[in-house]
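The exercises below go through one protein model, each with a solution in steps. Work each task with the sequence and the structure in view.

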Amino acid sequence: GLAYKGGAVTGFLVVGLALAAVFGFYQYTKGDLTSLIGLGFGGSLISVFARLGGGELSLIAMLKNLDKDIFKARVICYEEGHFPDKLRELGFDCAVLKRRFKVLDCFLILRLISYIKKKKIDIVHVNSLDIRAAIAAKLSGVPLIGHLRVIFAFTWVDSLFARLSDITIAVSYAALEAFCAKFKDLRSKFIVLPPLIDMKSVETAPADLRKEFSLNEEDKLIG
């Protein structure tokens with residue numbers, strides 16, 4: 001009964017917010033239907049990346065390309081979902097340690113430390129700037145590598161992560177500059193490495209550009 005009621009609330013809330021967004025956007029643009037394309041496109045992106053986002057896909061590509069004779073990867077997630085399922089489907093060792101709080105969870109930190117020591121982890125790579133994993137790695141005495149993937153409102157917690165890390169990977173110079181604009185003294189803690197993309201998993205199909213842009217067969221195409 002509880003699951004049914006919870007699912008009903010979530011379902012009606014999602015639909016209600018979607019209708020409210022369409023109505024509000026329609027009123028704001030004074031009936032411009034063309035502008036609704038952007039709203040629909042954004043909603044589609046959210047539904048797609050709610051499953052596996054760029055960070056998760058990049059991490060999977062990294063794991064696939066690790067030298068298996070040198071590295072044995074173990075992945076920890078904080079929730080069950082599409083990402084842990086995908087990792088297990090691909091044959092990777094994935095454990096789920098559920099968190100109680102979003103920022104600082106002392107019990108989770110202790111469980112991370114226990115996992116690191118039990119599995120004899122040599123290097124901790126955090127696919128974000130998660131301070132809990134950083135504290136666990138440093139208290140366990142193992143090297144810490146962070147990953148700055150997005151630009152957001154950086155706080156002192158993010159700067160603490162960078163200070164604790166041995167190195168933090170920024171996926172772009174834009175991300176690095178955004179971070180260092182607020183914490184200039186931490187630039188030496190970063191290197192810039194573009195995110196890895198597994199091209200084998202990317203489905204591509206030829207596009208009829210001449211038809212799309214109404215071009216003649218005599219027109220030259222440069223790509």
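**Exercise 1.** State where Lys120 is placed, and decide whether Lys120 is buried or exposed.

Solution. Step 1: Lys120 sits in the loop between α5 and β3 (124-125); helices (H or I, at least four residues) and strands (E, at least two) are DSSP runs, numbered from the N terminus. The model is a predicted one, in which local features need pLDDT of at least 70, side-chain atom pairs count only at pLDDT 80 or more, and totals for chains, interfaces and linings use all residues. Residues are numbered from 1 along each chain as its sequence is written, and side-chain values use heavy atoms, with hydrogens and water left out.

Step 1: the terms are set by relative accessible area, with buried under 20%, exposed over 50% and partly exposed in between (1.4 Å probe, protein chains only). Lys120 has a relative accessible area of 67%, so it is exposed.

Step 2: the phi of Lys120 is near 55°, a positive value in a residue other than glycine. Most residues other than glycine have a negative phi.

**Exercise 2.** Describe the chain as a whole: how many helices and strands are there, and what share of residues is buried?

Solution. Step 1: the protein chain has 9 helices and 6 strands. Step 2: it has 223 residues, and 28% of them count as buried.

Step 3: among contacts (heavy atoms within 4.5 Å) with a separation of 6 or more, 40% join residues 24 or more positions apart.

**Exercise 3.** Find the largest nonpolar core and say which elements give two or more residues to it.

Solution. Step 1: a nonpolar core is a set of buried Ala, Val, Leu, Ile, Met, Phe, Trp, Tyr and Cys residues joined through side-chain atoms within 4.5 Å. Nonpolar side chains tend to be buried together in soluble globular proteins. Step 2: the largest core has 33 residues, and those with the most contacts inside it are Val124, Leu144, Leu148, Phe161, Phe179 and Phe190. Step 3: two or more residues each come from α5 (106-118), α6 (131-140), β4 (144-148), α7 (156-164) and α8 (173-180). The most come from α5, which gives 6 residues.

Step 1: take Val124. Apart from neighbours within four places in sequence, Val124 is in contact with Ile116, Ala137, Val142, Pro143, Leu144 and Ile145. Step 5: a second, separate core holds 9 residues, including Ile60, Leu63, Val75 and Cys77.

**Exercise 4.** Work out how α6 packs against α5 and against α7.

Solution. Step 1: axes are lines fitted to C-alpha atoms, for helices over the stretch in contact, and angles run from 0 to 180 degrees between N-to-C directions. Angles under 35 degrees count as roughly parallel, over 145 as roughly antiparallel, 65 to 115 as roughly perpendicular and the rest as oblique.

Step 1: the axes of α5 and α6 are 9 Å apart, and the two helices pack at an angle of about 45°. Therefore α5 is oblique to α6. Among the residues that meet are Leu112 and Ile116 in α5, and Ala133 and Ala137 in α6.

Step 2: the axes of α6 and α7 come within 10 Å and cross at roughly 30°, so these two helices are roughly parallel to each other. Ile131, Ala134, Ile135 and Lys138 of α6 make the contact with Val157, Leu160, Phe161 and Leu164 of α7.

**Exercise 5.** Which residues are in contact with Thr168, and is Thr168 buried or exposed?

Solution. Step 1: Thr168 is placed in strand β5 (residues 167-170). Step 2: its relative accessible area is 0%, so Thr168 is buried. Step 3: leaving aside neighbours within four places in sequence, the contacts of Thr168 are Leu129, Gly146, His147, Leu148, Phe161, Ala162, Lys189, Phe190 and Ile191.

**Exercise 6.** Compare the places of Ser159 and Cys180.

Solution. Step 1: Ser159 lies in helix α7, and Cys180 lies in helix α8. Step 2: Ser159 counts as buried at 6% relative accessibility, and Cys180 is buried with a relative accessible area of 3%. Step 3: from C-alpha to C-alpha they are 9.5 Å apart in space, and 21 residues apart in sequence.
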